[in-house]
Amino acid sequence: MRSIATILAPAIVLATLATAEAAETPAPPPIKIAVFPFELEDFSAGAAYVPPDDIDREQLRLSTEEARRLIAASGRYKIVDVSAANDPAANAGRLRNCEGCEARIAAGLGADQSMIGIVTRITRTEYAVTFKIRDARSGAMVAVEQTDLRMGANVAWSRGARWLIQNRLLDRAQDKPLIFAVAEIEYIDTSGEVIDQSADHLRRRRTFEASLRTDLAASGKLRSADLDCPANACSVGDLTVAQLLGMAQAAGADLLLIGSVQKMSTLVQWAKFDIIDVKARKVVFERLVSFRGDNDEAWRRAAAFIIRQISDREAELTRLAATALPRSP
């Protein structure tokens, strides 16, 4: 009989080689990002009469410096000096209105990405802070994030910038899967059929729900979470949407998928599916579809169609859920 040491020897060698290989794998280089000075857009009632003053300009400078400091300290980015940028829009502090020209400028400075920060003055005590990141080569938008500041003066701008960078750019990993919860599908039969198919309908609904969970999670960008509610009593026909959202939040879900199917006649069924952003409490996806037939194959086709529709919106759903993070204090 072979000893345990003999059996484990190949595994130990493989583990050693894997460790050595991992140690030799270099970390990805930091992204070179050109962070342009924050800009002020004033939509307040007094904008036409009270121009930006030295305090406004100083707070914009502090906001820019705070953003650059945090981004550089993360190690994921390398700040590119933008002082050499010679562009009319940049010089005038109007990159926010140049339709993405900041990407071209950043590319000319050797950056991988561009970032502009915008402070929007709604009133003298209400502000919004936004950043926009673009790919320097293609000009495509990489991220747009925003938070608001209520009951605050302009001295709070840097605080808003700090919260935004920490919570929307750095703390939320780009490859972190979005968590979704699937409620049970409500079923309504108004066809008037004599044959009782309730057992088949229950089985098909559970299969449909299982397909939603497994197929949507197959890409690795979405991860399923279970709702803590009684079996066969977890649909919009059993609980209110508010109750389901509370359960989804308790499960740590970003999105809640609810659905309802109504059988209109022997061969025609209607299905309505909504995806609700748990934090924002708003519908971010909705589909009303009809499908023919009431057998296993018809239900499989309906499930496949809905899953394709959701998967096609995966990137948008991820962005919407990111912008629904809690507001800054």
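In the predicted model of the protein, confidence is lowest in helix α1 (residues 4–24), with a mean pLDDT of 41, and highest in β10, where the mean is 96. Over residues 1–25 the pLDDT is below 50, and this stretch has one contact in the model beyond near neighbours in sequence. Values under 50 also extend over residues 323–329, but for these residues the model has 24 contacts beyond four places in sequence. Taken over the protein, the mean pLDDT is 84, and 84% of the residues reach 70 or more. Where pLDDT is low, the predicted coordinates should not be read in detail.

Empty space was examined next. Rolling a probe the size of a water molecule over the atoms shows where such space is left. A search of the whole structure finds one cavity of 30 Å³ or more. The volume of the largest cavity is about 60 Å³. Its lining consists of Phe-180, Leu-216, Leu-222, Leu-255, Leu-256, Leu-257, Ile-275, Ile-310 and Leu-317. Strand β10 (residues 255–263) supplies the largest share of the lining of this cavity, three residues. Strand β10 is also the element in which confidence is highest. By residue class, the lining of the largest cavity divides into nine nonpolar residues, with no polar and no charged ones.

The second largest pocket holds about 160 Å³ of space. Lining this pocket are Phe-36, Pro-37, Phe-38 and Glu-39, together with Val-82, Ser-83, Ala-85, Ala-90, Asn-91, Gly-93 and Leu-95. The lining of the second largest pocket comprises seven nonpolar residues, three polar residues and one charged residue. The lining of the largest cavity, by comparison, has no polar and no charged residues.

Val-80 lies in the loop between β3 (77–79) and α3 (88–91). The relative accessibility of Val-80 is 12%, and therefore Val-80 counts as buried, the cut-off being under 20%. Not counting residues up to four places away in sequence, Val-80 touches Lys-32, Ile-33, Ala-34, Leu-109 and Ala-111. Val-80 and Asp-112 are 32 residues apart in sequence, while the distance between their C-alpha atoms is 9.3 Å.

Terms used:
Residues numbered from 1 in each chain as written. Predicted model: local features only at pLDDT ≥ 70, side-chain atom pairs only at ≥ 80, totals over all residues. Heavy atoms only, no water. 1 Å grid on protein atoms, 1.4 Å probe; cavity = no way out; pocket = protein on both sides within 12 Å on 5 of 7 lines; lining within 4 Å. Points joined across faces, edges and corners; volume = space filled by probe spheres on them. Helix = DSSP H or I, 4+ residues; strand = E, 2+ residues; numbered from the N terminus. Nonpolar A, V, L, I, M, F, W, Y, C, P; charged D, E, K, R; others polar. pLDDT = per-residue confidence, 0-100. Contact = heavy atoms within 4.5 Å. Buried < 20%, exposed > 50% of the residue type's maximum accessible area, 1.4 Å probe, protein only.
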